[in-house]
Amino acid sequence: INHGGPSVGEKPKSNSANVFVRWPEEGSKAAQLFGWAYTNGFGDKYQDFDPTTSYEHNPWLKMHPIDVMERSGKLVFEYVALRDIHNNEEILIDYGPLWENAWNSFSTVHPYARSGYFRHSIGVPPNLYPPNWLHVSDKYEIKEIKDFESNPLKPGEVLPLTWAHNGKPVSSKYAYVVGLPEGFSDKFLKYSEEIGVVDLYNKLLAEQQGYHLPSDGFAVYKPGHLVSNQTSIGKVERDMEFFAHRYHSDQFNFNMHFVAAWDEAARLSVLKALGNAGFDVALRGIGERFGYYNLTCFHGSYMGVTHCDQSKMHSDIYATDDKSWNIIFPLITVEGTDPELDIMAEDMNTIIAVHYLKDIAYAIGDFGYHQTRPIAYYDPEEHRDKKKKPSEFPIRVVFGAYCSQVDETNFAMLRHIYDGDDPAPFADQFSQLPMKEIHWDRSTHSVSLAMPGRA
């Protein structure tokens, strides 16, 4: 198939178009076959093609263009002859006046003076596209995030992330937003500053002496000792131990550091701070939304970064019978930057970029694939000669709370996932059932994050 100018009637062997393009006519074999193929992809059950059945005529014309683009290989055009086509005659269609004008301009330039090969989009026949395809965005957007200003999430409200263009969920299983109480992010940030975790991040991400970890390396620190006003912190808080783990920076130019509780005092302190800030409503909301009997926050980790050229799409939790979540919320973000987090849709074909938002958490469940997006706030290797204090460099810090209804269906898998990491403190919490700590309980309507350590 090649370009032919506007049709000039029955004249054979001319350079004018001898076919035109249209959608299949109703009742044609092509319309039947592709109507079946297109609609089959949306149902739960696969149906064999039946030539005696009347399938919807060109169903894609009623869909949003984004949905149509995802149905590659299940659309069809008909090429209809404008006149008799003779043996060995090339099939020609009219690419449209814009293409032809561009080609005429290009062909008049001497080959040695051309900037490159000729490339131009092909025009389509008038009225080929239905009105609902015109003047609409082909950008993937999340409806809830677009609506937050006019329709903010209520504390404890749990909603699936849905596409703005069709209202369908990004994933029916693992991609949700959770409303947190107003001021939650600031309260937990204040706690993190008071115990020295933010000071620790300023040193880790600036790679100061004594805080420059190798790729996949970890060390244990007492961030309370970094607090400038030591009288503002008690002895227990000052001596709490946290481990810092640097992600695989040898694979990418990426300085993600995880910081989490290493001793029991730190673990209890973090859980209590979550409860005091109001994280209870998130546990209750998720538990009630998914009909769980209980939930336990078995791990919590800060995640801090200043630069990332590439990261790895991954799932933190998998194969736990859809009973586990990583609930991620921001503490420190950099204003005016691009979205920070990629979430993969359930079809594994689409990745949506989202911003972290104050007092809102993303809940990523079983097989919820996500990754840090490329960023460049600050790279220590590029700023060695600049005399700035670590606190003057922009950093991003978020927190992820790993929560699950731990029971006989997923007990072994959770231990495998959690204990497979190095380091993996508190692995003994999976040593027996029932869990020694329950942080939300449906039967008693109790939430005990602010009083951790109680059975």
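## The nonpolar cores

Let's start on the inside. The largest nonpolar core of this predicted model has 63 residues. A nonpolar core here is a set of buried Ala, Val, Leu, Ile, Met, Phe, Trp, Tyr and Cys residues joined through side-chain atoms within 4.5 Å. "Buried" means under 20% relative accessible area, "exposed" means over 50%, and "partly exposed" is in between (1.4 Å probe, protein chains only). The residues with the most contacts inside this core are F188, L274, F279, Y302 and F329.

Take F329 and leave aside its neighbours within four places in sequence: F329 is then in contact (heavy atoms within 4.5 Å) with L180, F184, F188, L274, F279, I360, A361, V398 and F399. There is also a second, separate core of 34 residues, and V170, A175, Y356 and V398 are among its members.

A quick note on the ground rules. Residues are numbered from 1 along each chain as its sequence is written, and side-chain values use heavy atoms, with hydrogens and water left out. Since this is a predicted model, local features need pLDDT of at least 70 and side-chain atom pairs count only at pLDDT 80 or more, while totals for chains, interfaces and linings use all residues.

## A strand wrapped up on both sides

Next, have a look at strand β8, residues 242-246. Helices (H or I, at least four residues) and strands (E, at least two) are DSSP runs, numbered from the N terminus. How many of the five residues of β8 are buried? Five of the five are, so β8 is largely enclosed by the rest of the structure. Both of its faces are covered, with F242, A244 and R246 buried on one side and F243 and H245 buried on the other.

β8 also has strand partners; two strands pair if DSSP finds at least two bridges between them. With strand β7 (residues 218-221), β8 pairs in the antiparallel sense over four bridges, and Y221 has F242 as its bridge partner in β8. Strand β9 (residues 257-261) runs antiparallel to β8 too, joined by five bridges. There, R246 has H257 as its bridge partner.

## Charged pairs

Side chains of opposite charge can pair when their charged atoms come close. Across the whole structure, a search finds 13 salt bridges, each one a side-chain nitrogen of Lys or Arg within 4 Å of a carboxyl oxygen of Asp or Glu. One of them joins K62 and E56 at 3.0 Å, N to O. K62 is exposed at 62% relative accessibility, and E56 is partly exposed at 36%. K323 pairs with D321, with 3.1 Å between the closest N and O atoms. K323 is buried, with a relative accessible area of 12%, whereas D321 is partly exposed at 45%.

Then there's D342 with R373, where the closest N and O atoms are 3.0 Å apart. D342 lies in strand β13 (residues 341-344) and R373 in the loop between β16 (370-372) and β17 (375-376), so this pair ties together parts that are 31 residues apart in sequence. D342 is buried at 5% relative accessibility, and R373 is partly exposed at 24%.
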